[in-house]
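Visitor: I would like to learn how to read a structure such as this one, feature by feature. Could you take me through it slowly?

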Amino acid sequence: MPQLTLNNNVQIPQLGMGVFKMKDHDQFIQAFQWALDIGYRHFDTAAIYGNEKWLGEAIKKSGINRQELFITSKLWPAEFDDVSKAYHDSLTRLGLDYLDLYLIHWPAPGYQQAWQEMEKLYQAHKIRSIGVSNFMIKHLEKLQETATITPAVDQVELHPYLQRPELLDYLQKHKIAVEAWGPLGQGINGVFEEASLQAIAQNHHKSIAQVILRWHLQRQTIIFPKSVHQKRLQQNFDIFDFELTDSEMATIAALDKNQPNGSDPNDDEHLA
Ligand code: NAD
C-alpha cells in the first residue's frame, strides 16, 4: 500500500475506505471486517455521518492494533463554537484517544476561528494532523491570513467529470495533500458507461471503477471509495498491479466537465 507523506511528515495510506451513507449497523460491521481482511487500514468518517460509534465498535471487535490504522473524522460547522468538545465527542463515539486526521468539514462562516482551535488541539499533541474539506482557493487564502499551520490536506469532490486543475495546482504549490471525495463520481451521471473509460478498462482487463481509482493514484490523490460489497471492496483495492499510460491519462483529463454532484463550495450559501 503506497503511503504519502503529509506536510508534517505524517504518513497516510493513499487508499482507504469511506463510510458515508452506511446506514445499516450489521452491514457496517461486516464491511469494515471485509475491508480489514483485504488490507484496508485507512478509514474516513465524519461526525455528521452519524456512524462514528459503529466504526469504533467495528475497530474494537476486530482486535486490530490502533497504531496500524489511519482514522479521519470531521468537524461540522454547527460545532465551530466548541471545537475541543466536538473533537472529544468524536473520540468518545469512536472509542479512540486520538485521530490521525481531523478536518473542518465545510468552509462555513467561522472557519478561521475554528481552525485556530484545531491548531491548539494539534499543538497539544491530541491529533496527528489537521486539515480542511471543501475549501476552494478563496477559502484557503482567507484561512492563511490567520493560520499559523498550513492544512495537511484539502478533501474535495474530485472525479473524471470534476477535475479542478487550478485548485490542484494551488494545493501542490502550498504542499497541501489532495483527498478526493466521491472519487468514483458516486457512480452517477453515466460515469460507468463512459465509452473512453470502457476502452481503457478493456486494455488493462480492469473495471471502469478500477481505472478511475488508478487515475487518482497516478495524480497523487488520496482516495477512499465507499462500498459495502465484499467484491467491490476487493476490486477497489486491486489497483496496484497496472499503470495508465500518459495517453490514457490525457484521455481521462479530457472528460472534465467541471460538474459537481454535491453542493458547490464556491457558492457560500450552501452547506454540504
Ligand atoms: P464514491 O465515489 O466512493 O462512490 C460510492 C458509490 O460507488 C457506492 O455507493 C457504489 O454504489 C459505487 N461503487 C463503489 N465501488 C464500486 C465498484 N468497484 N464498482 C461499481 N460501483 C462501485 O462516493 P462517496 O461515498 O460519496 O465518496 C467516498 C467517501 O468520501 C465517502 O464515503 C466519505 O468518506 C467521503 N465524502 C466526503 C464528503 C465531504 O464533504 N468531505 C462528501 C461525500 C463523501
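Guide: Let us begin with the place of Tyr-49, which is in the loop between β4 (42-44) and α2 (52-62), where helices (H or I, at least four residues) and strands (E, at least two) are DSSP runs numbered from the N terminus. This is a predicted model, in which local features need pLDDT of at least 70 and side-chain atom pairs count only at pLDDT 80 or more, while totals for chains, interfaces and linings use all residues. Residues are numbered from 1 along each chain as its sequence is written.

Visitor: What does UniProt list for Tyr-49, and why does Tyr-49 count as buried or exposed?

Guide: The unreviewed UniProt entry lists Tyr-49 under "active site"; such positions are given in the numbering used here, with shortened feature names, and annotations may be inferred rather than shown by experiment. A residue is buried if 20 or more other C-beta atoms, placed from the backbone, lie within 10 Å of its own, exposed if 12 or fewer do, and partly exposed in between. Tyr-49 has 20 C-beta neighbours inside 10 Å and therefore counts as buried. Setting aside residues up to four places away in sequence, Tyr-49 touches Val-19 and Phe-20, a contact being a pair of C-beta atoms, placed from the backbone, within 7 Å.

Visitor: Which residues are closest to the ligand?

Guide: A residue is near a molecule if its C-beta atom, placed from the backbone, lies within 6 Å of it. Here 25 residues surround the ligand, the closest being Gly-18, Phe-20, Trp-181, Leu-184 and Lys-226. Helix α9 (residues 230-237) gives the most to this shell, with 3 residues.

Visitor: Which residues have the most contacts inside the largest nonpolar core?

Guide: In soluble globular proteins, nonpolar side chains tend to be buried together. A nonpolar core is a set of buried Ala, Val, Leu, Ile, Met, Phe, Trp, Tyr and Cys residues joined through C-beta atoms within 7 Å. The largest has 67 residues, and those with the most contacts inside it are Leu-75, Tyr-102, Ile-104, Ala-114 and Ile-212. Helix α8 (residues 208-218) supplies the largest share of this core, 6 residues.

Methods. Two residues are in contact if their C-beta atoms, placed from the backbone, lie within 7 Å.
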